[in-house]
Amino acid sequence: MALKFAANLNFLFTEKAATIAERIRLAHQSGFRAVEIPYPEGETRDVVSAVRETGIVVSLVNLAFDKSSDQLRFGSTSVPGSEGLFQKQLDETIDFAKDVNCQKIHLTAGLLTKGQETAYTKTYTSNLKIAADSLRANQMIGVIEPINKYAVPGYFMNSYVTALGVLTEVGADNIKLLADLYHLQHIHGNVTKTLEEYKSQIGHFQIAQVPHRHEPDTAGELNYDYVFQQLREFGYNGWIGCEYKPKTTTVEGLSWISKLGYSL
């Protein structure tokens, strides 16, 4: 099965373009057929125009977030007292996703206030159940992502075991796990067996080398020749997000794709 790669525009083409719309055009010019994007606060119309102009696929969009709040800049899905904000952000993100024909939304959890783990888990589970219904009504799925403590200290969803428990409690077939192999290696290790264990729950993949989060062919802990073979055998036919920090420039770093025997 051929693997399909999408440019994550939180990380790629940032050295040349300040806006998401500009990055979409650069990704398209560089050969990408799909992109992952944050919710484009303040530039939704420009992004919709860029998507329609290029014909690029938006494979994933992150939930809208509150940049003005340290507590909420990484999402609101788990944060007690922010349920109204979460619903507003979910509605805005779904409306935008419909405009760009995106069928997958990353439901970012938010930062944990220590000592409130039980309340956060309750809020998270409740909001994900609400999201499942709204997303199903729009033929979309939501994904949740365990993020390692080195990348985002204090992020609530930082465990695959916790993620599985939450997904089981939510019990919705359109809320899935986002397996970013960069985070998975930091949190859990044992990539092959972990993917086997969580196979039925995984709805999206992202990649980067560990520990420096550069291109897959750079020196690090993961052998991507082997990893990509495992993903082919896994049977995943969706887009794989390239969520890495270019070691030099985005375009120069894209040589890893042909080097490892793939194409865009």
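Modeller: The axes are lines fitted to C-alpha atoms, for helices over the stretch in contact, and the angles run from 0 to 180 degrees between N-to-C directions. The model is predicted, with local features needing pLDDT of at least 70 and side-chain atom pairs counting only at pLDDT 80 or more, while totals for chains, interfaces and linings use all residues. Residues are numbered from 1 along each chain as its sequence is written, and side-chain values use heavy atoms, with hydrogens and water left out.

Helices (H or I, at least four residues) and strands (E, at least two) are DSSP runs, numbered from the N terminus. Eight strands form a closed barrel with parallel pairing, in the order β1-β2-β3-β4-β5-β6-β7-β8. On average, neighbouring strands of this sheet are turned by 30 degrees against each other, direction ignored. Two strands pair if DSSP finds at least two bridges between them.

How many bridges join β1 to β8? Four bridges do, and the two strands run parallel.

Buried means under 20% relative accessible area, exposed over 50%, and partly exposed in between (1.4 Å probe, protein chains only). Strand β7 covers residues 202–207, and six of its six residues are buried, so the rest of the structure largely encloses this strand. With strand β6 (residues 175–180), β7 pairs in the parallel sense over four bridges; D180 has Q206 of β7 as its bridge partner. With strand β8 (residues 239–242), β7 pairs over three bridges, again in the parallel sense, and I207 finds its bridge partner in C242 of β8. The loop between β7 and α8 holds P211, which is joined to V210 by a cis peptide bond with omega of about 10 degrees. Most residues other than glycine have a negative phi, and most peptide bonds are trans.

N101, in the loop between α3 and β4, has a positive phi of about 60 degrees although it is not a glycine. N101 is exposed, at 66% relative accessibility. Q139, in the loop between α4 and β5, has a positive phi near 55 degrees and is not a glycine either; its relative accessible area is 61%, which makes Q139 exposed.

Next come the helix pairs. Helix α1 (residues 20–29) packs against helix α2 (residues 44–54) at an angle of about 15 degrees, with the axes 8 Å apart. These two helices are therefore roughly parallel to each other. Their crossing is right-handed; a crossing is left-handed if the near helix is turned anticlockwise from the far one by less than a right angle, and right-handed if clockwise. Contact means heavy atoms within 4.5 Å. In α1, I20, A21, I24, R25 and H28 meet D46, V47, A50, V51, E53 and T54 of α2. The buried residues of α1 are I20, A21, R23, I24, L26 and A27, and β1, β2 and α2 are among the elements that cover them. After α1 comes G31, with a positive phi near 105 degrees.

The second pair is α4 (117–137) and helix α5 (residues 160–170), which pack at an angle of about 50 degrees with their axes 9 Å apart. α4 and α5 are therefore oblique to each other. The contact is made by Y124, T125, L128 and K129 of α4 and V166, E169 and V170 of α5. α4 passes α5 in a right-handed crossing.

T108, in the loop between β4 and α4, is buried at 10% relative accessible area. Leaving aside residues up to four places away in sequence, T108 touches L63, F74, G75, S76, T77 and Y155. G81, in the loop between β3 and α3, is exposed at 70% relative accessible area. Its C-alpha atom is 35 Å from that of R23, and the two residues are 58 residues apart along the chain.

Terms used. Angles under 35 degrees count as roughly parallel, over 145 as roughly antiparallel, 65 to 115 as roughly perpendicular and the rest as oblique.
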